[in-house]
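Hi everyone, thanks for coming along. Let me put the structure up on the screen, and then we can walk through it together.

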Amino acid sequence: MIYIYNDYGGTHTTALAAAYHLKEIIQSERKLTKEEILNVNYFNKLTKDDSGKIIFHGIDENGDSVYTLGRRSSKIVVPALKNLSFILQNKHQFHEKIIFSNTSPTVPFVMSIGGFLSRQLKIDFIGVPLLIIGAKQCCDNIFRLVENTKQIGKFSSEEKVIILENEKYINDNS
């Protein structure tokens, strides 16, 4: 199975989702620390030039591959990738299930502002602290989204390619 977590920039909530999925960070009753957040692979490291790149994060405990994707504001990237996946599966007898899981609903407003200041304007001294606040606000939602994504991957056997919009994880800490 292939999991692809996607959102606008591919460097904040998707990086956290991949880290939770791969058990690089562990969910508990407490919020993540600043150090845990900043040590997540690719967290706040990608740039606009990385948009559209499918980035490998690792193999999970079940042998499934975990990737992330920054799709910017395009609404057609994931449907196009779904279509391409069907073509490759049919033409090359590729039978591995692919799950696209949107992490955008988990993004709190403060994280959007922090990401803009840090990644677009290069004002890290303001942007990074806002990103940390945002990550702490949404880490529980991201963890639940990842657990749900894994459950759907495990139990939905009839579909070859699944797109999860995850609207039930909308962050209310705006």
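Let me begin with a question: which elements do the buried residues of α1 pack against? They pack against β1 (2–7), β2 (54–59), β3 (65–70), α4 and α5 (124–155). Contact here means heavy atoms within 4.5 Å, and buried means under 20% relative accessible area, with exposed over 50% and partly exposed in between (1.4 Å probe, protein chains only). Helices (H or I, at least four residues) and strands (E, at least two) are DSSP runs, numbered from the N terminus.

A word on where this comes from. This is a predicted model, in which local features need pLDDT of at least 70 and side-chain atom pairs count only at pLDDT 80 or more, while totals for chains, interfaces and linings use all residues. Residues are numbered from 1 along each chain as its sequence is written, and side-chain values use heavy atoms, with hydrogens and water left out.

Back to α1, which covers residues 13–21. Nine of its nine residues are buried, so this helix is largely enclosed by the rest of the structure. Among them are T13, L16, Y20 and H21.

What comes after α1? K23 follows the helix, in the loop between α1 and α2 (34–38). The phi of K23 is near 60°, a positive value in a residue other than glycine. Most residues other than glycine have a negative phi. K23 has 46% relative accessibility, so it counts as partly exposed. Q93 also deserves a look: its phi is positive, about 50°, although it is not a glycine. You will find Q93 in the loop between α3 and β4, and with a relative accessible area of 52% it is exposed.

Now let's zoom out to the whole chain. How many helices and strands does the protein chain have? There are five helices and five strands, and from the N terminus on they run β-α-α-β-β-α-β-α-α-β. The radius of gyration is 16 Å, close to the 16 Å that the globule rule gives for 174 residues, so the chain is as compact as a globular protein of that length. That radius is taken over C-alpha atoms, and the globule rule is 2.2 Å times the number of residues to the power 0.38. Along its principal axes, the C-alpha trace spans about 50 × 35 × 25 Å.

Of the 174 residues, 48% are buried. If you take contacts between residues at least 6 apart in sequence, 72% of them join residues at least 24 apart. The chain exposes about 9,000 Å², and carbon and sulfur atoms supply 57% of that area. Accessible areas come from the Shrake-Rupley method with a 1.4 Å probe; for residues, only the protein chains shown count as cover.

Let's pick out two residues. I162 is in strand β5, and at 5% relative accessibility it counts as buried. Leaving aside neighbours within four places in sequence, I162 is in contact with K97, I98, I99, F100, I152 and S156. N83, in helix α3, has 48% relative accessibility and counts as partly exposed. N83 and C138 are 55 residues apart in sequence, and their C-alpha atoms are 31 Å apart in space.

Last topic: pockets. On a 1 Å grid over the protein atoms alone, a cavity is a set of points where a 1.4 Å probe fits but cannot get out, and a pocket is an open set with protein on both sides within 12 Å along at least five of seven lines; lining residues have an atom within 4 Å of a point. Grid points are joined across faces, edges and corners, and a volume is the space filled by probe spheres set on the points.

The largest pocket has a volume of about 380 Å³. It is lined by 19 residues, and the closest to its centre are Y8, G9, H12, S112 and G115. Which helix gives the largest share of that lining? Helix α4 (residues 109–120) does, with six residues.

The second largest pocket holds about 210 Å³ of space. Of its 14 lining residues, R71, S74, K75, N102 and E165 are the closest to its centre. α3 (77–92), β4 (98–102) and β5 (161–164) each supply at least two residues of this lining.
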